Amino acid sequence: MHPRDQTIFALSSGRAPSAIAVVRVSGPQAGLVLTTLAGKLPAPRQASRRLLHDGGGQPIDDAVVLWFPGPGSATGEDIAEFHVHGGRAVLSALLAAISLIPNTRAAEPGEFTRRAFENGKLDLTEAEGLDDLIHADTDRQRRQALRQLQGLLGDRARDWRERIIAASALIEAGIDFSDEGDVPAELRAPAVKAIRALHDEIIKVLAAQGHSERLRDGLVVAIAGEPNVGKSTLINQLARRDVAIVSPYAGTTRDVIEVQLDLDGYPVTVIDTAGIRETDDPVEQEGVRRAKARAEDADLVLWLVEGEQAVTPDALPSLRSSGEDDGSFGQVWIVRNKIDLSQARVAGSRGEFGISASRGDGIPELVEGLVKFAAEFFGASEGAVVTRARQRDLLSRASESLRRSLELVEDGEELAAEELRAAAYALGRLLGRVDVEDVLGAIFQKFCIGK
């Protein structure tokens, strides 16, 4: 029997021990599993209390069971659910009893969702939205993922694809009736109008996204500077807990320390790096190398200096100076620390702050600045249609094919029709309905088992 025809089962709730655990079974043997363990099938979609028994008649647990006959289930197959007490011994006994039933096996990561996709319950954009929802750490990530799960991009892509196919039909009809005088021109005009409208719509969607797909991974902010200027103290202030060792001795931080923050719903990874300086210590040299590498890759660098210390471009190794602000990655802000020990104050220029990392002075203003930076960086993420690089790439391909079809339609209808087929194909790949086997494994293997 092919693995996809087997009945799969898995723990679909949190790790044991827990108050309640949910074990899900999906496939043609789900009904047999339920009757074997619970005695008989309950009414569809109605919770029923049953005493579960294993194959030898020994009781397993007093549980609640549910029956979802296919195709009207989450996976499109027959599904049984067992809601049991979440002790390890209970779960072990239940899973062992299910595994003894012929043609059942433990599910692989993401296999329930993959079966839902293969049975037409989800398109690929909705499956990606479900994955993002599971891994969402902030409220903005949750809202973006939920919109994708509800078909924000998938519904539009299906509409675009249907309209491309309709326009393609007109173009190809013109080819078929090329010997009928005015017929090709009459068919070409509405097709060109439809193609131009489609191209404009997709271009507008792509242009309005900003860095919306980056919301999944978050903004990366690196704290950098010379040794002993307060970098570790600052990251502790931002994290509101001790995540880095603070010491008066230079070179204490040798490796990169990361902390995940939720700033007004924006996911932000703050990195504390080793102090950048010349050193003969090979371990510290490696820390400095890593610090420079992470700072160069960060979306924003907070360059920490003491008080009124002068900052020149030469003082920022391999980094862009704070005066350059072209909207690209790698901006640098000057953060003047220890203002409580000097007369230094915030200079008032954009990207410059004064703080006392030890006392907390200026920290609220710095956080407010980070929130504003994140809002500008992510742009239209609140209503974003595109949430992954894969989606952006395929929409760009579809847009480019539509553009080429408009250029070719007057001189070569056959070539224009081929470009329209390419655009429809790109949108089909976006939805996961044509030739996407190469990306399915990469997507679904990231799901947790039982989902």
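Rings of Phe, Tyr and Trp (its six-membered ring) pair if their centres lie within 6.5 Å; planes under 30 degrees apart count as stacked, over 60 as edge-to-face and the rest as tilted. In this predicted model, ring pairs link Y266, W333, F353, F373, F377 and F378 into a cluster. By the ring rule, the count comes to five aromatic pairs.

Some ground rules come next. This is a predicted model, where local features need pLDDT of at least 70 and side-chain atom pairs count only at pLDDT 80 or more, while totals for chains, interfaces and linings use all residues. Residues are numbered from 1 along each chain as its sequence is written, and side-chain values use heavy atoms, with hydrogens and water left out.

Start with the overall picture. The protein has 13 helices and twelve strands. Helices (H or I, at least four residues) and strands (E, at least two) are DSSP runs, numbered from the N terminus. Of the 451 residues, 49% count as buried. Buried means under 20% relative accessible area, exposed over 50%, and partly exposed in between (1.4 Å probe, protein chains only). Contact means heavy atoms within 4.5 Å. Among contacts between residues at least 6 apart in sequence, 65% join residues at least 24 apart.

Now return to the rings. F373 and F377 both lie in helix α10, four residues apart, about one turn of the helix. F373 has 7% relative accessibility, so it counts as buried. F377 is buried too, with a relative accessible area of 8%. F377 also pairs with F378, edge-to-face, at 5.2 Å centre to centre and 85° between the planes. Both F377 and F378 are buried.

Strand β7 (residues 219–225) holds L219. This leucine counts as buried because its relative accessibility is 1%. Which residues does L219 contact, leaving aside its neighbours within four places in sequence? The partners are P267, V268, T269, D299, F373, A374, F377 and F378. The C-alpha atoms of L219 and Y266 are separated by 7.8 Å, though the two residues are 47 apart along the chain.

R140 lies over the face of Y266, at 4.0 Å from the ring centre. R24 lies over the face of F112, at 5.5 Å from the ring centre. A charge sits over a ring if NZ of Lys or CZ of Arg is within 6 Å of the ring centre and within 35 degrees of the ring normal.

Helix α10 (residues 363–378) also packs with helix α8 (residues 231–239). Two packed helices are described by the angle between their axes and the distance between the axes. Here the axes come within 11 Å and cross at roughly 75°. Axes are lines fitted to C-alpha atoms, for helices over the stretch in contact, and angles run from 0 to 180 degrees between N-to-C directions. The two helices, α8 and α10, are therefore roughly perpendicular to each other. That label covers 65 to 115 degrees; angles under 35 count as roughly parallel, over 145 as roughly antiparallel and the rest as oblique. L234, Q237 and L238 in α8 meet I363, L366 and V367 in α10. By class, this contact has five nonpolar, one polar and no charged residues. Ala, Val, Leu, Ile, Met, Phe, Trp, Tyr, Cys and Pro count as nonpolar, Asp, Glu, Lys and Arg as charged, and the others, Gly among them, as polar.
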